[in-house]
Amino acid sequence: MERPLISVEGLARRFGDGNQPAVFENIWFGIDRGEFVCLIGHSGCGKTTILNVLAGLDQPSDGAVIVDNREIDGPSLDRAVIFQGHALLPWLTVMGNIAFAVSSRWPKWDRARVAEHSRKFIELVGLKGAENKRPAQLSGGMKQRVGIARALSIQPKMLLMDEPFSALDALTRGMLQDEVLRICADTRQTVFMITHDVDEAILLADKIVLMTNGPGAKIAEIVVNTMPRNERHRNDLHRHPQYYAIRNHLVEFLVNRSKAFDQEIADGSYDPRRLKLVKPGLAAVNPPAEVVPLRHTH
């Protein structure tokens, strides 16, 4: 069985002196190349910490993350992060912010090639004509477009998104969701995204990873989005025959099951290395084969 592009293997994180309960523990899941995966769970379950570990910005207490058969041991230009805030350099223009990332990725490129490559991604996110504006001259949505363009411009193996649209108004958020859906369909970018928005996850994700409450949070199951990408349109999402089955399943988990998942574990059917794949409204999928780690975790 082919290993996924990203393999999270036995991940746990504890803070303090190590005697505190783990924020999360025994986390196992994979992300295939070109797949868009969303992680949903209540505040405090460690979602952002998992993303930081994937980015190489934090170290797990146990376990490992394997990307393209290599264990993560720090930040890398193979993994790009889009934060809740735009995190742009305020003294640089739109072109300057993106060119800075491109030059870091390909330091031997000359200025003309960097500009040409940067311009392609500026146009991809719909910012043609704004190349010479600085962040202070941009709206919140435009700043996030720059962040998306900057992340995509380095052509990462994995794009990590930490609730990137949460601070935007509803109209701007919807427009950027549509843009991300279009861009990821065009580029087949592999994406791992954290969100609290159920409808956002249904619109964007191929799979939705459900996380229980912390401390000691776990991955409960993985929901397969039964709505094909080309059939997901924000304005008529609710008309798709699978929409309410998926949405009701996610809401039921967040409202009830996430708080009492220990009872489901007690019945003996839960295996964190063989997570149940669920297709709401359709038959459940058999668990995937057990993930075999590249190295022993401890």
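Me: By class, how many nonpolar, polar and charged residues does the lining of the second largest pocket have?
Reply: The lining of the second largest pocket has 13 nonpolar, four polar and two charged residues, where Ala, Val, Leu, Ile, Met, Phe, Trp, Tyr, Cys and Pro count as nonpolar, Asp, Glu, Lys and Arg as charged, and the others, Gly among them, as polar. This is a predicted model, in which local features need pLDDT of at least 70 and side-chain atom pairs count only at pLDDT 80 or more, while totals for chains, interfaces and linings use all residues. Residues are numbered from 1 along each chain as its sequence is written, and side-chain values use heavy atoms, with hydrogens and water left out.

Me: What volume does that pocket have, and which residues lie nearest its centre?
Reply: Its volume is about 420 Å³, and of the 19 residues that line the second largest pocket, Leu77, Arg79, Ala80, Val81 and Ile154 lie nearest the centre. A pocket here is an open set of points on a 1 Å grid over the protein atoms alone, with protein on both sides within 12 Å along at least five of seven lines, whereas a cavity is a set of points where a 1.4 Å probe fits but cannot get out; lining residues have an atom within 4 Å of a point. Volume is the space filled by probe spheres set on the points, which are joined across faces, edges and corners.

Me: Which element gives the largest share of that lining?
Reply: Helix H2 does, with four residues, and strand E6 (79–82), H2 and H4 each supply at least two. Helices (H or I, at least four residues) and strands (E, at least two) are DSSP runs, numbered from the N terminus.

Me: And how many cavities of 30 Å³ or more turn up in the whole structure?
Reply: The search finds one cavity of 30 Å³ or more, and the largest cavity holds about 40 Å³ of space. Its lining consists of Ile148, Leu152, Leu159, Met161, Val180, Ile183 and Cys184, which by class makes seven nonpolar, no polar and no charged residues. Helix H5 (170–187) gives the most, with three residues.

Me: Switching to H3, which of its residues are buried?
Reply: Val114, His117, Ser118, Phe121 and Ile122 are the buried residues of H3, buried meaning under 20% relative accessible area, exposed over 50%, and partly exposed in between (1.4 Å probe, protein chains only). They cover an arc of only 145° around the axis, so they sit on the same side of H3, the arc being that of the directions from the helix axis to the C-beta atoms. On the other side of H3, Ala112 and Glu116 are exposed.

Me: Why would residues three or four places apart point the same way?
Reply: Because an α-helix has 3.6 residues a turn.

Me: What comes after H3?
Reply: H3 is followed by Gly126, whose phi is positive, near 80°.

Me: Where is Glu163 found, and is it buried or exposed?
Reply: Glu163 is found in the loop between E7 and H5 and is buried, with a relative accessible area of 14%. Its phi is near 45°, a positive value in a residue other than glycine. Arg188, also not a glycine, has a positive phi of about 55°, but at 48% relative accessibility Arg188 counts as partly exposed.

Me: Which peptide bond is cis?
Reply: The bond from Gly214 to Pro215 is cis, with omega near -5°, and Pro215 lies in the loop between strand E9 (207–211) and strand E10 (219–224). Most peptide bonds are trans.
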